[in-house]
Amino acid sequence: MPRPFWFIFIGHLINTTGGSFLWPLNTIYLHDYLGKSLSLAGFVLMLNAAASVIGNLLGGYLFDKIGGFKAIITGAGITLAALIALTFSHGWPSYAILLVLIGLGSGIVNPSIYALAGAAWKDGGRKAFNAMYVAANIGVAIGSAMGGFIASISFDLIFVSNMVLYLIFFIIAFMSYRNISDEAVSGISSIKIQGENVHHYRRNMRALLILSIGYALCWIAYVQWQTTIATYTQEIHISLEQYSLLWTVNGALIVLAQPLLAVFVKKFARSLKIQIIIGTFVFLVSFGVVAVSHHFSGFMSAMIILTCGEMLVWPAIPTIADQLAPKGKEGFYQGIINSAATAGRMVGPILGGILVDHFGMSILIIILFFLYIISMFTTIFYDKGLDKKFQTKVM
């Protein structure tokens with residue numbers, strides 16, 4: 001990896017670690033410590049996700065207009081200010097208000113840092129976004145594990161730890177990201193889209209939106225593992241420790257199986273399009289295993305299969321967005337992709353909860369099968385009509 005990219009990689013890892021201290025514990029804190037209903041807690045988290053969607057679009061726009069450094073500092077500044085306030089005031093309703101601001105700020109940072117990563121390692125192709133994916137998962141694994149331990153000592157320490165880590169990220173960004181020079185990073189270098197370029201731009205944007213629909217559908221299904229499936233495992237007497245182990249295996253596989261993934265991609269899935277189609281089918285298979293599982297071993301098998309699918313799909317989507325983006329629109333394209341993922345994470349728990357409450361787990365699994373099938377079709381057809389130079393091959 002190029003030296004500038006290392007700073008982005010490390011910053012993303014620290015940022016994700018800090019965020020993972022808090023997000024798994026939000027519902028517990030709102031319900032058990034602030035005494036709010038689960039419905040109200042869910043509404044607050046929905047507002048947080050909605051603010052993140054807005055932040056993603058705003059972050060992509062700012063990246064293209066004022067450059068990656070200023071966009072990231074803007075989003076990080078909003079988040080850091082909210083976390084400082086949260087450290088000293090985490091009662092009601094300040095907790096809810098500040099959580100929305102954190103969603104907005106972190107939403108601005110996400111597409112900006114991904115677009116910056118693509119610019120800093122332009123020749124890296126899929127490798128650049130795969131590295132960001134690995135960094136995020138290392139951060140989630142560390143943050144989630146440490147968060148539970150710190151919360152068992154004192155919930156106040158969670159807020160302090162999150163603030164300190166985000167301060168470190170802010171310092172890294174302020175000291176390092178300014179010096180990452182690439183024409184694609186600066187909003188000043190944005191070209192005016194006119195003439196024949198308008199036709200290419202419209203076709204690329206149409207392709208991105210079609211791909212984003214499939215991406216959102218994948219996330220609607222994937223997030224069931226953190227919501228409806230988590231509840232279902234408790235109903236069939238799988239312990240919380242065993243459920244937590246599933247995610248430990250998920251994080252470990254993502255990091256340790258990268259060499260095997262590279263061999264598989266090189267031999268069997270050389271185009272990003274094929275990677276996504278195979279990965280989506282693997283997602284579908286994992287939920288098929290869930291449908292017939294009644295013991296921990298079955299869910300462990302399903303999680304391993306699920307992880308194989310996400311290692312193919314999640315890094316490929318932002319890579320395609322980067323390749324489709326016209327010069328000067330990299331941030332905007334990453335903002336759309338990040339918004340699609342956030343929208344899926346926002347809608348997924350609500351849709352899954354309604355389906356399980358009214359129709360049961362079996363019907364939910366059937367609906368998820370259809371979502372994955374639709375997602376495969378969007379992947380098959382998203383690039384129809386694109387010029388050959390926009391065909392997305394692995395670098």
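Are K273 and D383 buried or exposed, and what does burial mean here? Both K273 and D383 are buried, where buried means under 20% relative accessible area, exposed over 50%, and partly exposed in between (1.4 Å probe, protein chains only).**Notes for all views.** The model is predicted: local features need pLDDT of at least 70, side-chain atom pairs count only at pLDDT 80 or more, and totals for chains, interfaces and linings use all residues. Residues are numbered from 1 along each chain as its sequence is written, and side-chain values use heavy atoms, leaving out hydrogens and water.

**View 1. The whole fold has 16 helices and zero strands.** The radius of gyration is 20 Å, close to the 21 Å that the globule rule gives for 395 residues, so the protein is as compact as a globular protein of that length. That radius is taken over C-alpha atoms, and the rule is 2.2 Å times the number of residues to the power 0.38. Helices (H or I, at least four residues) and strands (E, at least two) are DSSP runs, numbered from the N terminus. Along the principal axes, the C-alpha atoms fill a box of roughly 60 × 45 × 35 Å. Buried residues make up 54% of the 395. Of the contacts between residues at least 6 apart in sequence, 84% join residues at least 24 apart. Contact means heavy atoms within 4.5 Å. The protein exposes about 17,200 Å², with carbon and sulfur atoms supplying 70% of it. Areas come from the Shrake-Rupley method with a 1.4 Å probe; for residues, only the protein chains shown count as cover.

**View 2. K273 and D383 meet in a salt bridge.** The N to O distance is 2.9 Å. The pair links distant parts of the chain, 110 residues apart. K273 sits in helix 12 (residues 272–291), and D383 in the segment after helix 16. The count comes to one salt bridge, under a rule that asks for a side-chain nitrogen of Lys or Arg within 4 Å of a carboxyl oxygen of Asp or Glu.

**View 3. A nonpolar patch lies on the surface.** Its residues are F359, I363, I366, I367, F370, I373, F377 and F381, with about 750 Å² of accessible area together. Patch residues have over 30% relative accessible area and no salt bridge; nonpolar side chains (Val, Leu, Ile, Met, Phe, Trp, Tyr) are joined within 5 Å, like charges within 9 Å. Helix 16 (residues 361–381) gives the most, with seven residues. I373 is found in helix 16 and is partly exposed, at 34% relative accessible area.

View 4. A disulfide is a pair of cysteine sulfur atoms within 2.5 Å, and the count comes to zero. C218 counts as buried, at 2% relative accessibility. C308 is partly exposed, at 34%.

**View 5. Helix 14 is largely enclosed by the rest of the structure.** The helix spans residues 316–324, and nine of its nine residues are buried. They are A316, I317, P318, T319, I320, A321, D322, Q323 and L324.

**View 6. Q224 lies in the loop between helix 8 and helix 9.** Helix 8 covers 196–222 and helix 9 covers 228–235. Q224 counts as buried, at 0% relative accessibility. Leaving aside residues up to four places away in sequence, Q224 touches I229, A230, F287, G348, P349, G352, L364 and L368.
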